[in-house]
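Please keep the sequence and the structure in view while reading.

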Amino acid sequence: MSRRDSALLAEPPRPAQTPTIPAYLSETYTWAYLSKLGCAVFDRQPVVTAILWGNARRLIRSVTAELRPGWRVLQPACVYGTFSADVAATLGAAGHLDVSDIAPIQVSLTRRKLSDVPQASVELWDAAESGRGPYDAVTCFFLLHEVPEDYKGRIVDALLGSVRRGGKVVFVDYHRPSALHPLRPVMAGVFAALEPFATTLWAHEIRSYASESEGFAWRKETFFGGMYQKVVAERL
Ligand SMILES: C[S@@+](CC[C@H](N)C(=O)[O-])C[C@H]1O[C@@H](n2cnc3c(N)ncnc32)[C@H](O)[C@@H]1O
């Protein structure tokens, strides 16, 4: 089978309806994700590195370490910087990366960024909608802290439902820093001012958002004094 044939076979299903931008996104994050200025300012790896206090490379590596060449992988929301290109490079020419996002401006931006990566495609899709896959893996990078609680549950359920038996969902996101972490008050201030849905990840395990967590082997690792977490759910 030619690469083009397998890419066509790997094409994700189209959503039944074009997703509309949810209120939580337009009311809270227009400056970051829905404006041209936001895209121009934030879509640079040094900016991503600064926002993650120098941990971007380490966190991206913690995701790619979970993947294997040739796998078919879903990335349910766009990520600024090199994340998607790094994941696609790990999958190699025999693999495929489906990136999706609910915002048309992010879809266009990411299509441009990945235009020379033949094993990647980018579609408009709401991460909370089920019906995709089965994938070998899903990489959910800093999406959950940006959505309200009901959406967190819907997204976790939809992503768990889109991996094959033996496949895994890799979540990387914020986590409660240790009590003496010098940046803890800074992050509490950032969340209070800009990221109102993030602090619940300091109180709840990502696993607790799944309506059926049995049937998966869960593991968790934290980074940078507990400020970040990687949670992997592997379908048994
Ligand atoms: C992955 S998150 C944050 C990533 C990280 N802060 C970065 O460096 O880019 C940002 C993306 O999530 C998208 N998003 C928010 N809610 C979504 C949903 N329900 N479905 C798909 N994408 C969504 C936004 O449009 C935005 O492009």
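Leaving aside its neighbours within four places in sequence, which residues is phenylalanine 141 in contact with? In this predicted model, phenylalanine 141 is in contact with Leu59, Ile60, Val63, Val79, Phe83 and Val172, once those neighbours are set aside.

Phe141 also belongs to the largest nonpolar core, which has 72 residues, and it is listed there with Ile155 and Phe171 as having the most contacts inside that core. Strand β5, which runs over residues 163-174, gives the most to this core, contributing 6 residues.

Two helices can be considered next as a pair: helix α5 and helix α6 pack at an angle of about 35 degrees, and their axes lie 10 Å apart. The crossing in which α5 passes α6 is right-handed. The table sets out the residues that meet where these helices are in contact.

| Helix | Residue range | Residues that meet the other helix |
|---|---|---|
| α5 | residues 56-64 | Arg57, Ile60, Val63 and Thr64 |
| α6 | residues 83-91 | Phe83, Asp86, Val87 and Thr90 |

Is threonine 110 buried or exposed? Its relative accessible area is 2%, and because buried means under 20%, threonine 110 counts as buried. When residues up to four places away in sequence are not counted, threonine 110 touches Cys78, Ser84, Val99 and Val122.

Technical notes. Residues numbered from 1 in each chain as written. Predicted model: local features only at pLDDT ≥ 70, side-chain atom pairs only at ≥ 80, totals over all residues. Heavy atoms only, no water. Axes fitted to C-alpha atoms, helices over the stretch in contact; angles between N-to-C directions. Helix = DSSP H or I, 4+ residues; strand = E, 2+ residues; numbered from the N terminus. Left-handed = near helix turned anticlockwise from the far one by under 90°. Contact = heavy atoms within 4.5 Å. Core = buried A, V, L, I, M, F, W, Y, C linked by side-chain atoms within 4.5 Å. Buried < 20%, exposed > 50% of the residue type's maximum accessible area, 1.4 Å probe, protein only.
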